[in-house]
Amino acid sequence: MAILDYSTIESELAKIVGKEHVSSDMVDLVAHERDDQFATVPPHLPDFVVRPATKVEIQAILRLANEHKIPVVPYGAGINRKGLCIASEGGIILDLRRMTKIEIDEEMMVAKVGPGVNFAQMVIALNKYPHLRCLAPDAPATASVLANYMLRGIYPTSTRYGIDHLITMEIVLPNGTILDTGSAATPNSPAPYCGIVNGPDLTKLFQANVGTMGVVTEGRIRLYPMPEKIEPLMIRFPNFESMMEPAKQYTLQNLVAGVWVMTFDPKAMELFMNTKGVTEEIFASLLFLEGTNQEVENQKAQVLQIAADTKGEDMVLPEFMKKEFILDHRYMRTFIRGWRMGNLWGTSCYGPLKNVPKYYEVSKKLCRKNKFETLHFEAMPVSPFQGQTTYIDPCVMWDGGNPDEVERIRQLTQDIRAAFLDIGIYGFFRAFPGTVNSNELGMYGEIWRKIKQLIDPNNIMNPGKPPLA
Amino acid sequence: MDLTKFQPQFNHCMHCHLCYAANWHKIDDWRISCPSAAKFGFESFYAAGKIELARALVEGKIKDATPRLLDVLYTCTGCGACREQCHELSGFKADHIELFETMKAYIVSKGWGPLSKHREFEESIRKNHNPYNEIHNNRFLWLPKEIPSDGSVVYFIGCTSSYRQQKIAQATVNVLKASNTPFTVLGPEEWCCGSPLIRTGQVDVVEELASHNIKALENTGAKTVIFSCAGCYRTFKEDYPKLGYSLPFKILHTTQYFLDLIRKNQLKLKSLPLDVTYHDPCHLGRHTRIYKQPRKILQALQMKVHEMPRNMEGAFCCGAGSGVRAAYPEFSHWVCKERLDEAKEAGASLLASACPFCKNNFEETNQTFPELKLRIVDISELLEDAL
C-alpha cells in the first residue's frame with residue numbers, strides 16, 4: 001500500500017471535491033480542534049477539512065482514506081456535547097454541511113434528509129405542511145437532524161413518542177460501498193421507509209455508533225401529526241421525592257407528551273429561567289401537554305389533580321415564558337441560556353424511574369464535594385416505559401475559563417460516572433469517549449468491537465471513540 | 001492589539017452556531033446572518049471558528065500568515081450579527097466585533113496584514129485625509145457657497161458622502177437649510193474619521209485623526225455635531241471614547257436630528273406615499289442601536305414601510321464594510337445581492353438606508369440587476385424630495 005505524503009493526499013482530495021472544498025491550512029484546522037467539552041475530551045487537530053456535496057464524493061474519499069489508512073471524522077453540525085467530532089487521531093474532518101437535501105413525502109409521513117440539514121431548516125421546510133412536524137430535540141436547532149437521530153437524542157416529547165425517529169438510512173461504508181438499510185433492499189420496494197423487514201433491522205446496527213461505522217448520507221425520518229394545541233405547564237413541588245409518583249402516573253396514563261422532573265440550584269434557576277431572587281433549590285416538573293384543545297384541557301385538569309396529591313402546584317407560567325417554551329419545543333434556541341456561565345456539563349444516562357431519587361442525591365452530593373453550586377438535575381421517563389426507562393442528566397453550569405473549575409469538572413465527571421455505575425444504571429446515553437468503555441461491557445462490548453472491526457477493519461472511521469477506545 | 005485579554009472567553013464558545021443564522025424564533029425562517037460563513041462555508045469563517053483562531057494566535061499555533069488567514073479575517077464585514085445572535089443567550093461574553101478588529105490589528109502589528117487594497121487607503125488617508133485617493137481640497141467642491149461659517153450645529157460629512165455620494169451631503173444640507181437650523185461644516189479641517197483603518201487593523205494613524213477632528217470641531221464652538229454617515233457616527237460615538245477621548249459636544253446621526261426637527265414642526269414636509277423598505281446599516285443599527293428613528297421619519301412621510309424579515313437587530317449586512325468591498329468586490333456584491341433580493345421580496349420599489357457606504361454598494365450591485373427595479377435612496381434624499 002502506498003504511503004502518501006500530505007500534499008499528495010490533499011491533491012487527491014481536491015480532485016474529488018474541488019480544491020475550494022479542501023483545506024490543510026492551520027487556520028481551518030484549529031476551528032475543529034476542540035469543542036466546549038475540552039475538559040474531558042482532549043483537543044486534537046485534524047490534518048484536513050473536506051466538504052463534500054454528494055455521496056459519490058464521499059465514496060471516493062472513503063476509498064482513498066481506507067486505502068491509505070487516513071482517519072475520517074464525519075461532522076454533521078458538530079453539536080453533540082462531548083467531543084464526538086474531534087479528530088482524536090488526526091485525519092480528515094468530513095464537513096457534511098453542503099448536503100442539505102430535504103424531500104418531504106406528505107402521504108407517507110416521512111422525510112428524506114441529508115446530513116447537513118439542521119432542525120431549524122427541517123421545521124421551516126415543514127411549514128408548507130402545517131399538519132405535520134418532526135420532533136426536535138432539547139438541543140440547539142442548529143444541530144443536524146440526521147446526526148441527532150442517528151445518535152439518539154432526547155426530546156421534549158420523549159415520554160409519549162420515545163427517541164427513535166429514524167426509520168432507515170443510506171450509509172457509505174468505510175470501503176466506499178453503499179448500504180441502504182431496510183426495505184430499500186427488497187426488489188421492487190415502493191420506498192425505503194420500513195426497517196422491520198426481511199431480517200434484522202440494520203439501521204439499529206449503525207445507529208448510535210458515533211461516526212465509527214461509515215458516513216450516513218441520507219436518513220428517512222418519521223414525521224408526526226401536528227397537535228391542535230401544545231401547552232407547557234410547570235408544577236412546583238416541595239421536594240424531589242414528591243415529583244416521582246406524578247411523573248410515573250403522567251407516563252402510565254399517557255397524559256403528557258413529555259415530563260421533565262427537574263431541580264435547580266438557585267443560581268442555575270436564575271441563569272436558565274432568567275429569574276431573580278431565587279434563594280432555595282427549586283423542585284419542578286416541566287410538562288408538555290398535546291392534543292386537541294379539549295384533550296389538553298382534560299389532561300391539564302388531571303395532571304394538576306395528580307400533582308396536588310403530593311402537594312404540587314401550578315407555577316402559572318407567564319405568557320412570554322409559555323411562548324418561549326413552545327418555540328423551543330418546536331426548534332430550540334432560548335435554552336442555550338444553559339451555557340450562560342460559559343459552559344454546560346452533563347453526564348447523561350438511562351435508568352429506572354424508581355432509582356432517579358438516588359441518582360439525584362448522589363449528583364447533588366458530588367457536585368457539592370467538587371464545589372459546584374449550579375446543579376440543574378433533570379430526568380424524563382421515555383417511551384416505551386417498560387423497565388421504567390428514564391433519561392437522567394445532571395447538568396452543571398460552569399466556567400471553562402477558570403482553570404480550577406476545569407480540574408474540578410474533570411473530577412466530577414469521574415466521580416459521577418463511578419457513582420452512577422455503583423447505584424446501577426441501564427447504561428450511558430451516548431458512546432462518548434471517556435464515558436463508555438466497551439471493555440467494561442462483557443460480551444456486548446466484545447461483539448460490538450467485532451462488528452466495528454468487520455465493518456471498518458482499518459479503523460479509519462472516527463478512531464479514538466468507542467467501541468475501540 | 002492585545003488578544004490575551006479575551007483569553008478567558010475562548011473556552012466559552014460552544015460552537016452552537018447561533019452566530020450563523022437570524023433568530024428563527026422571530027422570523028420563523030432559516031436565513032443566514034453571517035455573510036462570510038454563508039459564502040465560504042468552512043468553520044473558520046464562522047464566528048465560532050474565528051474565536052478558535054484567536055485562541056490559536058494567542059497560543060502561538062499560527063506562526064505565519066497564509067492567504068487563508070487573511071481571507072478568514074478580512075472577509076468579515078464586522079457587521080456584528082454574530083454578537084447579536086450570541087450575546088443574549090450564550091456564555092461567550094467578549095464583544096465579537098472588538099475581538100475580530102483586535103485580531104486584524106494584531107496581524108497588522110506582526111506585519112502579516114493588511115491586504116494591499118487596505119494599505120492603499122491607509123496611504124491615501126495619510127496623504128489626502130480620505131481613503132479614496134482624492135485631492136483633499138476637493139472634499140467640499142459639492143458644497144453650495146451660501147453655507148454659514150458658524151453655528152452651534154456642525155455637519156460632519158464624511159469621506160464617502162464628500163467624494164462618492166454627494167447627493168446625500170447635498171440633501172442633508174438642503175434639509176438643514178429648510179429647517180432654518182444654523183449650522184456649519186468643517187471645510188478643509190474635516191479629515192477622515194478613521195473608520196476604514198480601525199476596521200482593517202491599521203490603527204497607527206487613528207489617534208492623529210481623532211485628535212485632529214475633535215479639536216477642529218471644538219474650535220467651531222459646536223454644541224452638536226451631526227453625521228449622515230453611519231460609519232463616522234459610530235466611530236465618534238464608540239471608537240473615539242475607547243481611544244480615551246471625551247467629546248465636548250453632543251453627537252447625533254441625522255436620522256435622530258431630523259426626526260427631532262419634524263417633531264418640533266421645523267420641517268414642513270409633503271407626503272411621499274410610496275412603498276419603501278428600510279435597510280438598517282450595521283454601524284447605525286446593531287452598533288449604536290438606532291432603529292426606530294429612521295422608521296419614524298418614513299412614517300412621517302406617509303410612506304408604506306415594508307419590513308424585511310432580517311431587520312433591526314437581525315439586519316443582513318450590505319456587504320461593504322471593514323474593507324470587504326475594496327478587497328473582495330465579488331464577495332461584497334454577492335452579499336449585497338442577497339440583501340437586494342430580500343428588499344425586493346419585501347414588496348417595496350424603494351430601498352432606503354441611512355449610510356452612504358451601504359447606498360454605494362447597493363447602487364453598484366443594483367445596476368447589474370436591472371430586473372430588480374429597485375430605487376436606492378438615503379433617508380436624507382427622501383426628506384429633500386418631501387420639502
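Two residues are taken to be in contact if their C-beta atoms, placed from the backbone, lie within 7 Å. In the predicted model, the contact between the chains draws 39 residues from chain A and 33 residues from chain B. On the side of chain A that touches chain B, at least two residues are supplied by helix 2 (26-30) of chain A, and at least two likewise by helix 4 (119-125) of chain A. Helix 2 of chain A provides the largest share of this side, with 4 residues. Classified by residue type, the side of chain A that touches chain B comprises 17 nonpolar, 12 charged and 10 polar residues.

Within chain A, three domains are assigned: domain 1 spans 6-95, domain 2 spans 102-225 and domain 3 spans 229-428. A distance of 23 Å separates the C-alpha centres of domain 1 of chain A and domain 2 of chain A. Between these two domains, 14 residues of domain 1 of chain A are in contact with 20 residues of domain 2 of chain A. The side of domain 1 of chain A that touches domain 2 of chain A receives at least two residues from helix 3 (55-68) of chain A and at least two from strand 3 (72-75) of chain A. Helix 3 of chain A accounts for the largest share of that side, contributing 6 residues. By class, the side of domain 1 of chain A that touches domain 2 of chain A consists of 8 nonpolar, 4 polar and 2 charged residues.

Definitions and conventions. Residues numbered from 1 in each chain as written. Chains lettered and ligands numbered in written order. Predicted model: local features only at pLDDT ≥ 70, side-chain atom pairs only at ≥ 80, totals over all residues. Domains from an automatic or database assignment. Nonpolar A, V, L, I, M, F, W, Y, C, P; charged D, E, K, R; others polar.
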